[in-house]
Amino acid sequence: MLTYPQLLELRITARQVALNFHTFRLARRTLCSDAGVKLPGADSDQQVAHKHGHHSNIPIHDVAIVGGGTVGMALACSLAHMPLTQQLNVAIIDSNPALLRDDCIRKEDPPDPRVSTVTPATIALFKDVGAWKYVEQHRHAYFDKMQVWDYTGFGYTRYNARDINKDILGCVVENKVLHRSLLSCLQNTASQQKIYPSRLSSMTMQSSSSSSPHGSLAKLELSDGNSLYAKLVVGADGSKSRVKELAGINSTGWKYSQNAIICTVEHMEENYCAWQRFLPNGPIALLPIGDNFSNIVWTMTPEESLSRKSMSEVDFVKEIDRALDNGYGPHPKSQLFGGRAAFSWLTGDATVSANEYFEVPPRVTKVASERMVFPLSLNHANSYALKRVALIGDAAHTVHPLAGQGVNMGFGDAFSLSKVIAEGIAVGSDIGEVSLLRRYESERRPANLTMMAILDGFQKAYSVDFGPLNVLRAAAFQGAHYISPLKRQIISYASGEQRFPLFA
């Protein structure tokens, strides 16, 4: 029987074939040509030479990272940290002025609404490259408990880090803190890197038979008129990736009929737990961010998002407290389906959280930031790697934010790619060879597809208000709460520490 990730991959593949078959054949025929390849929007060699003089005047880099956000910077830090890759000459192409400024993040300012929930596995990767110590110098919030429940009042699940003998389940960090920490880490290395404050305009691939003295390298043209060569171009430039577009890599996915509102809120006391409640039109999450602040990620219909973005602060706070308390339905009962007794034959050694009762989240007293709205979608690149090109992060995949896993998937890509590059250097391989880059894809694609399938399955399962399905969802909540082996597997998988056997 096919697993859900396999079904999702078949669905993605079928849609791509139906909608993009002709485009795919055309792009592949172009990329596989023996002659010099001119990708969409690229100038010819002669035009570039005319603009910039001799080829020798154009800098050559080992790796060009297009996109200097958190995932792109994580790749740069990882390359700068490992002995085999720290001598690489790395270019970072991004027009974000923050890359060239030494901005000071003031702890007394309210938290930015753009945050990430990083898993213990991601924290370990940050510590390996020396970036986590910079995160700890700024505001961040570890949490060791999580509560998830359904608006129907039929079920809930609590998780505790002690269920798997750990100290934490994760840490919520502002994106600007993650970014600044990675930049600080990179600045304190002896590696060679250059930041190009520009945007990628075009990309040309040449075969080794080209008359260019830099044949077989990738040639990049930037929006400010500069050019550079690279052995490997990494697209870390988000869901609308220019690298992906210029390389002719198609993506397949779908839009959810949902938007998300994110904002920072304030409480009377500090919050140490992550909360998530599934409502009729999407989940609402309350995530601790430290200093009596929390972050709201609330999924809803586009119409609701427009209304709630524009309503008064007083009314919006009331809406949040209603959504996190007993609005839409009653509080769950702990003894539904007989409670622990119904699962006694499956429970094994009881987890710490199995003895914890349902709690009401702390009340929100005020909104401490602007309310930001963005549409939700699922998207997956049909390939992560071609010759001299690799995609990481949102350039390769975007997911629903209901479990906060998107950025962790991106960090997993970045560190996996850096490891593959190091392995290639160790055996004398060309770091832009597709046979090497496919090793990165073979490691990350199944892991990402599994996570995408789980998140998409949750989104669909909680998008339907139907009596029998509500009962099944409640049974799943209770099972996850009381069946200790299952709970431990869920926590370990969500922490990024192991694969989930049900989807392996």
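Tyr328 lies in the loop between helix H9 (313-324) and helix H10 (344-347), where helices (H or I, at least four residues) and strands (E, at least two) are DSSP runs numbered from the N terminus. The model is predicted, so that local features need pLDDT of at least 70 and side-chain atom pairs count only at pLDDT 80 or more, while totals for chains, interfaces and linings use all residues. Residues are numbered from 1 along each chain as its sequence is written, and side-chain values use heavy atoms, with hydrogens and water left out.

The phi of Tyr328 is near 75°, a positive value in a residue other than glycine. Most residues other than glycine have a negative phi. At 31% relative accessibility, Tyr328 counts as partly exposed; buried means under 20% relative accessible area, exposed means over 50%, and partly exposed lies in between (1.4 Å probe, protein chains only). Asn165 also has a positive phi, of about 60°, although Asn165 is not a glycine. This residue is found in the loop between strand S7 (156-160) and strand S8 (170-174). Asn165 counts as exposed because its relative accessibility is 71%. Within H14 (residues 484-494), the buried residues are Ser484, Lys487, Ile491, Ser492 and Tyr493.

The packing of helices was examined next. Two packed helices are described by the angle between their axes and the distance between the axes. Axes are lines fitted to C-alpha atoms, for helices over the stretch in contact, and angles run from 0 to 180 degrees between N-to-C directions. Angles under 35 degrees count as roughly parallel, over 145 as roughly antiparallel, 65 to 115 as roughly perpendicular and the rest as oblique. A crossing is left-handed if the near helix is turned anticlockwise from the far one by less than a right angle, and right-handed if clockwise.

The axes of helix H3 (residues 70-81) and helix H6 (residues 175-187) come within 9 Å and cross at roughly 25°, which means that H3 is roughly parallel to H6. Their crossing is left-handed. On the H3 side, the contact (heavy atoms within 4.5 Å) is made by Thr70, Met73, Ala74, Ala76, Cys77 and Ala80, and on the H6 side by Asn175, Leu178, His179, Leu182, Leu183, Cys185 and Leu186. By class, the contact of H3 with H6 has 10 nonpolar, three polar and no charged residues; Ala, Val, Leu, Ile, Met, Phe, Trp, Tyr, Cys and Pro count as nonpolar, Asp, Glu, Lys and Arg as charged, and the others, Gly among them, as polar.

H3 also packs with H11, at an angle of about 30° and with the axes 9 Å apart; H3 is therefore roughly parallel to H11. The crossing of this pair is right-handed. From H3, Thr70, Val71, Ala74, Leu75, Ser78 and Leu79 take part in the contact, and from H11, Val407, Gly410, Phe411, Ala414, Phe415, Leu417, Ser418 and Ile421. The contact of H3 with H11 comprises 10 nonpolar, four polar and no charged residues.

Helix H11 (residues 406-426) packs in turn with helix H12 (residues 434-461), at an angle of about 160° and with the axes 9 Å apart. H11 is therefore roughly antiparallel to H12, and their crossing is right-handed. Among the contact residues are Met409, Gly412 and Asp413 of H11 and Leu436, Leu437 and Arg439 of H12. The residues of this contact divide into eight nonpolar, four polar and six charged.

Gly67 is placed in the loop between strand S2 (60-66) and H3. With a relative accessible area of 6%, Gly67 is buried. Not counting residues up to four places away in sequence, Gly67 touches Gly72, Ile93, Asp94, Ala236 and Asp237. Gly67 and Val243 are 176 residues apart in sequence and 9.6 Å apart in space, C-alpha to C-alpha. Thr117, in strand S4 (residues 115-118), is buried, with a relative accessible area of 16%. Under the same exclusion of residues up to four places away in sequence, Thr117 touches Phe143, Cys171, Val172, Leu287, Gly404, Val407 and Asn408.

A search of the whole structure finds zero disulfides, a disulfide being a pair of cysteine sulfur atoms within 2.5 Å. Cys104 is exposed, with a relative accessible area of 67%, whereas Cys263 is buried, with a relative accessible area of 0%.
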